[in-house]
Amino acid sequence: MRDVMVVGTGITPFGELWEHSLRDLGIRAGMEAIRDAGITSSDIDALFVGNMAAGRLIDQTHIGALIADFAGLAGRNLPTVTIEGADASGAAALHHAYLSVASGLHDCVVVGGAEKMTDLPDPEVTEITATALDQQWESFFGATLFSMYAMMARRHMHEFGTTREQLARVAVKNHRNGALNPAAQFRRPVRPESVLEAAEVADPLGMLDCAPISDGAAAVVLCSAERARRLPGPQVRIAASAQAGDTLSLSSRRSLVGFDATSVAMERALKLAGRSRKEVDFAEVHDVTTISEIMAIEDLGFVKKGAGGPATASGMTAPGGELPVNTSGGLKARGHPLGATGIAQIIELVLQLQGKAEERQVPEARVGLAHNVGGCGATAFVHILEVA
Amino acid sequence: MSGLAGVRFWRETKSRYNLTGNRCGVCGTVFFPPRPVCTRCHRESIGRMEEHKLKGTGEVLTWTFVHEPRPGFEIQVPYILAMVRLDEGPALLAQMVDCGPGEVRIGTRVHSVFRKIGEEGKSGVIYYGYKFVPD
Ligand SMILES: [Zn+2]
């Protein structure tokens, strides 16, 4: 396996983008990434797209072919593939794009993530995101994605004394971070009281504990290290690309207070990167709900199991803390266009590692980590990126 | 489309109506929902998985009070969803009925009842299955 570099990034704003179609968003992010990399479309060997649910959200499958076509690349008979791993589809696409370059099959590829969610009314989106759960044995009985996390939150509170206020601290922090991110869906801080008083979704989680419904796309260009040396763009190395899985249904799991898939993916990633946790300077984690971020910093091993709530309240994960988490605003404030999220996380890592994150810059950022989860934890990806 | 979805739900009625799981003939582990292969014995268990009816008794591992439902569940809102550990070992997800959120706690003993689960808007098909009530 050879070294793989991220050499260009492109991202659309996230939010309710009613004037833009999925193909517009995907092409815009992809073209921006190509321009940033200083290459032309004729340099591209393949296109990988992460998408969870366009088949249901906009009645369109075959997203890779669609985007390549309207980006004007079909005439080159470019190979394309769409990769699905629920809302970890973006990281899944990155993983396979990475493998194609690391293996030597391709030299330069574009990997994007895109989702168009706001064409449907909210209840239908709730039904579609619940397809990531076990349809026959969870969703059938009335489960939604957020209700699964709500049950984990209650169990976490019961076992470790995690408080409602500690959960709210995650939302407050990520909204404050999102306010500094020009690409974020929500660019306004929220008060802790607002989080506690927001409309209930699934008790103990309220509306401000949950990631929003979003449109958006993000793309990166990957190249072999050798090829990257001749390019003007970012020179950030993918030090590790690791995945782990677990049972689809939450009821079959060993634990209701964390994801084993996250812990195992983390161990695999650290081994691949030859690094320790202490060397990680900052992280983007899958905060699809506030409890998700608390469980993530535990499962990734940055704090011990059960200590995530107090650690968050202490400011450990805030800007200037020991491990800044979700400087982009996370899924909560940047927005969560399912398939685009995994790539948006990578773009935040690249910006931070290049010192281009402006007001939200982590000082001396050398090693960053991205954590993307599918559904309620049956799939987890950990990527570690470092300054080359 | 909705007609075929109806068939998909009907296929699981035996397990959903009678809480029928299965049991590995090699190691004795009980599964719900029934699995084609034992998660411990793998290929050794092929052809040795036996039907096993569950008693429908257990205790609440965790629960939530759902305010934002998926389509088909609007008229039940808010409803209690619980993870129940059955006495035979497996855990499952189900609604709690005939009780308010004040009557459900982690550790509450419960038993199963047979109820309407939801309906499919377009076709009007009504689905039945198990729910749980406190003892
Ligand atoms: Zn067995």
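Buried means under 20% relative accessible area, exposed means over 50%, and partly exposed lies in between, using a 1.4 Å probe and protein chains only. Helices (H or I, at least four residues) and strands (E, at least two) are DSSP runs, numbered from the N terminus.

This is a predicted model, in which local features need pLDDT of at least 70 and side-chain atom pairs count only at pLDDT 80 or more, while totals for chains, interfaces and linings use all residues. Residues are numbered from 1 along each chain as its sequence is written, chains are lettered from A and ligands numbered from 1 in the order in which they are written, and side-chain values use heavy atoms, leaving out hydrogens and water.

**A covered helix in chain A**

Let's start with α11 of chain A, residues 290-299, where 10 of its 10 residues are buried. Among them are A:Thr290, A:Ile294 and A:Asp299. The buried residues of α11(A) pack against α6 (145-160), α7 (164-178), β6 (205-206), α10 (260-273), α12 (308-313) and β10 (367-374) of chain A; contact here means heavy atoms within 4.5 Å. Just after α11(A), A:Gly301 has a positive phi of about 85 degrees.

**Chain B as a whole**

Chain B holds 2 helices and 8 strands, and its order along the sequence is α-α-β-β-β-β-β-β-β-β. Some overall values for this chain are gathered here.

| Property of chain B | Value |
|---|---|
| Box filled by the C-alpha atoms, along the principal axes | roughly 45 × 40 × 20 Å |
| Buried share of the 135 residues | 46% |
| Share of contacts with a separation of 6 or more that join residues 24 or more positions apart | 50% |
| Accessible surface (Shrake-Rupley method, 1.4 Å probe) | about 6,800 Å² |

Carbon and sulfur atoms make up 53% of that accessible surface.

**The zinc site in chain B**

Now to the metal. The zinc ion has four protein donors, the SG atoms of B:Cys24, B:Cys27, B:Cys38 and B:Cys41, at 2.2 to 2.4 Å. Donors are N, O and S atoms within 2.8 Å of the metal (3.2 Å for Na, K and Ca), and sites may look incomplete because water is not among the atoms. In sequence, the donor residues follow the spacing C-x2-C-x10-C-x2-C.

The arrangement is tetrahedral because the 4 donor atoms subtend angles of 103 to 115 degrees around the zinc ion; four donors count as tetrahedral if all angles lie between 85 and 135 degrees.

How values were computed. Tetrahedral: all angles 85-135°; square planar, octahedral: opposite > 155°, others 65-115°.
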